[in-house]
Amino acid sequence: MNLEKEKLLEMYRKMLEIRHFEEKAFELYGQNLVPGTLHLYAGQEAVAVGVCANLRKDDYITSTHRGHGHCIAKGAQLDRIMAEILGKKTGYCKGKGGSMHIADFSVGMLGATAVVGAGIPIASGAGLSIKLRGTDQVVACFFGEGASNQGTFHEGINMAAIWTLPVVFVCENNLYAMGTRQTNVMLIENVAERAVAYGIPGVTVDGNDVLAVYEAAHEAVKRARESRGPTLIECKTYRHKGHSRFDPATYRPKEEVEEWLKKDSVQRFKAKLLEMKILTETEVDKIEQDVIAAVEKAAKFAIDSPCPAPEEALEDVCA
Amino acid sequence: MRQITYRDALREALREEMLRDKTVFVLGEDVGRYWQGAFKVTKGLAEEFGDERVRDTPISESAIVGVAAGAAITGMKPIAEIMFGDLSALAMDQIANQVAKLRYMFGGQTRVPVVIRMPFGAGVNIAAHHSQSLEAWFMHVPGLKIALPSTPYDAKGLLKTAIRDGDPVMFFEHKLLYPLEGPVPEEEYTIPFGVADVKREGEDVTVVATLYMVHKALAAAKMLSKEGIDVEVIDPRTLAPLDKQSIVNSVKNTGRIVIVTEDCKTAGVSAEIAAIVAEESLDYLDAPIKRVAEPDTPIPFSPPLEQFVIPNEKSIIKAVKEIVY
C-alpha cells in the first residue's frame, strides 16, 4: 500500500507521541503525581495509530482501561489527557474519570470503559446510531484478547453483524489478560477465528507493524463506510510494561519479553522510514525533539493545573 | 374523559414521541411486528414506523442496553425493552456501570438519554424468574432516574417525560396493570419527575405505595373508611428523583405512615422511604413506621404460595390498624 510521505510522517509522529507520553506518565507516577494506577499503552502504538490513521474526525472510537494511546491516535490533546491522569480540573473529564476513563467527544473519542468488554456493545450502538441517522461515519472498537472471552463480545459483535453496522472491532492481542496467558483461557490461537461465528471477516495481523495494521484497517473501514458491515481485526502485539503500575510482570518469560522488544513497533517503523528514505537521521532527531517538547509541555500543563474543588464531586451525575 | 388501558397509554406515549422526534426508536426482544412485545405494548408500531425503528433483537440483554447506550451518546433516543424485570440482571453491568456512569465519569461531556422499560411484579404464576420486583437495585445507582406509574394517566405522562429526559430512565411497569383502564385525555400532556400524586386524601394515616400496590392500598383505604379510619394514599410515581417533601408533609399532617411496596422488605424501597421519614419527620410521628412488603423469598410458583408472599389489602389493613388506635 502506497501512502503519502505526509501521512507516514504523521503516523510516525503519533506513535512517538504515545511512546513518550507513556514514558512521561510513568515518570510522573514515580514522583507521586499520578493518583491511582496506570495501564500503559507503550508497545502497542502501531495498533491505535494504524487504525485511527484511517478514520475521520467525525468517526468514533471506543476504548479501554489501557486507553491513552487510543485517545492520542484519535486526536485528543496531550495536555488535557495528562491533566486527567493527574486528576486535574483541566482534564478531559474534569478529574472525574482518570487514566481509565478518558473521553473526548469533540474528536469522536466516545470514552474508555474499564469493565473489560463493556465497550463492545456500546460501539455497536454507535454503529446503529450511524445507520439510523444515515451518515457514513465509522466506529472503531478497541479491546484486548481477554475481552473476547466476555459475553459482551459475543452479543455486541453478533448484533453488529446481523444489522450490518459500520463497526471495526479491533482486538489488541497482547497475549496476557493481566497475568493470565491467552493459551490458558482459549484453545484457539487467533481470536480472529471467532469472526466465523458471526459470519463476518476476521483477520490477524502483526500488531507491531503499523503498515500492516493500517492496511487491514483500511479495508475494514472501507467496508464499514460502504455499509457492508463489521470486521474483526486481531493485532498481535505486546505491552512493554506490566499490566498496571504495580505489576513487574514476572509471569512473562524473559526470552519472550526480549523477543518482543526486538519487534518494537516504533523502532521498526523508524527503520522502515529511513530505509524508504522518507526520513533522514536528522529528521528523526528533529521529530523526536519536537515530540519530547510537546509531551513536556503537556506534563507541565497538567502539573500546573488546579485540582477540582472537592464539591465538584456532586456535579455531572445527571444532566 | 375517554378510558384506555395502561398498555394502550404506554403505546400512545411511544407512538407520539416517535412521531414527534425521529431520533426515538425502540429495541428489544420480540418488540417487532411478529410478536409485538411480550405484553403487546409495541403492537402496531413496527407497521407504522418500520422495522428499523422498532427493532427486534437477539436474546442479548447486555447488548440491548449497551447498544442503546452507544446510540444515546451519539445522538439517538433509544427505548430499550427488557422483557421481564428479572432479566435486567443480565444487563446489569451495562445499566449500572455504563449507562448510569458514562456522563459522570466523562465529566459531563455526554448525555445518556436511554429509556429502559421493564415489567415487574408477581401474581400471574410465572415463578421466580419472571415475577420479582427489583426497584431497589436501581434506586441504589446514582445517575439513573426511576419512574413507576400505577395508572394509565401516569403511564402515558411519565413515559413521555422519560423519553424527553436527557438522562437514563428506568421505566418500571407492572404486568397486572397492563389491562387496567383509566381516564387519559386525548390532548398532549407530560408529568414531571419528582412529583408524587396523592391518589386519595386522608387525615389519619399516610400510606405510600407504588405500582400495583397503589390499587391494593386504595382498596384497603376504602374498607378502612367504613371503620372510620381516613387513609391518605400517596404514589411517589418516581423513585429517583423522589418527592420526599410530599411524603414528609403528609406525615406531618397524619403522624402515621405505612409504606407498601412489592419488593422484598430487606433493603427495599420501603426501607429507604422509612429512613427518610425517620430522618426528616420523626418528631411528627405518633406511632412507629410500618412497612408492608414481600418477605425475603424468591417468588414461588404455586398460587397459594405466591399469594401468601404478595402484600394485599388484608396485610395493609392489619398494618394500618397496628398504628391507628
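In this predicted model, A:Asp206 is partly exposed, with a relative accessible area of 31%. The partner of A:Asp206 in a salt bridge is A:Arg268, and the closest N and O atoms of the two are 2.8 Å apart. A:Asp206 belongs to strand S7 (residues 202-206) and A:Arg268 to helix H10 (residues 265-275) of chain A, so this pair ties together parts that are 62 residues apart in sequence. A:Arg268 also counts as partly exposed, at 29% relative accessibility. Over all chains, a search of the whole structure finds 46 salt bridges.

B:Arg200 and B:Asp230 form a salt bridge in which the closest N and O atoms are 3.5 Å apart. Here strand S9 (residues 197-200) holds B:Arg200, while B:Asp230 sits in the loop between helix H8 (212-225) and strand S11 (231-235) of chain B, so the link joins parts that are 30 residues apart in sequence. Both ends are partly exposed: B:Arg200 has a relative accessible area of 23%, and B:Asp230 has one of 26%. Elsewhere in chain B, salt bridges that share partners join a set of residues into one network, among them B:Arg2, B:Glu12, B:Glu17, B:Lys156 and B:Glu188.

Helix H1 of chain B (residues 6-20) has 15 residues, which at 1.5 Å a residue should span 21 Å; the end C-alpha atoms are 21 Å apart, in agreement. B:Arg11 is buried, at a relative accessible area of 17%, whereas B:Asp8 counts as partly exposed at 28%. Other buried residues of H1(B) include B:Tyr6, B:Leu10, B:Leu14 and B:Met18.

The two chains meet where 39 residues of chain A are in contact with 37 residues of chain B. About 3,100 Å² is buried between them, and carbon and sulfur atoms give 67% of this area. A:Phe105, A:Leu132 and A:Ala319 supply 19% of the area that chain A buries against chain B, more than any other three residues. Across the interface the rule finds one salt bridge; A:Lys131 pairs with B:Glu52 in a salt bridge whose closest N and O atoms are 4.0 Å apart. The count of residue pairs in polar contact between the chains is 14. On the side of chain A that touches chain B, strand S2 (109-112), helix H5 (119-133) and H6 each supply at least two residues, and the largest share, ten residues, comes from H5(A). By class, this side has 21 nonpolar, ten polar and eight charged residues.

Several loops also hold details of interest. A:Ser148, in the loop between strand S3 (139-144) and helix H6 (151-162) of chain A, is buried, with a relative accessible area of 4%. A polar atom of the A:Ser148 side chain lies 2.7 Å from the backbone oxygen of A:Glu145. A:Thr164 has a phi near 50°, a positive value in a residue other than glycine, and lies in the loop between H6 and strand S4 (167-173) of chain A. In chain B, the peptide bond from B:Ala240 to B:Pro241 is cis, with omega near 0°.

Definitions and conventions. Residues are numbered from 1 along each chain as its sequence is written. Chains are lettered from A and ligands numbered from 1 in the order in which they are written. This is a predicted model: local features need pLDDT of at least 70, side-chain atom pairs count only at pLDDT 80 or more; totals for chains, interfaces and linings use all residues. Side-chain values use heavy atoms; hydrogens and water are left out. Helices (H or I, at least four residues) and strands (E, at least two) are DSSP runs, numbered from the N terminus. Buried means under 20% relative accessible area, exposed over 50%, partly exposed in between (1.4 Å probe, protein chains only). A polar contact is a pair of N or O atoms within 3.5 Å; within protein, one must be able to donate a hydrogen and the other to accept it, and residues adjacent in sequence count only if both atoms are side-chain atoms. The expected span of a helix is 1.5 Å times one less than its number of residues. Contact means heavy atoms within 4.5 Å. Buried area is the accessible area (1.4 Å probe) that two parts lose on being put together, summed over both. A salt bridge is a side-chain nitrogen of Lys or Arg within 4 Å of a carboxyl oxygen of Asp or Glu. Ala, Val, Leu, Ile, Met, Phe, Trp, Tyr, Cys and Pro count as nonpolar, Asp, Glu, Lys and Arg as charged, and the others, Gly among them, as polar.
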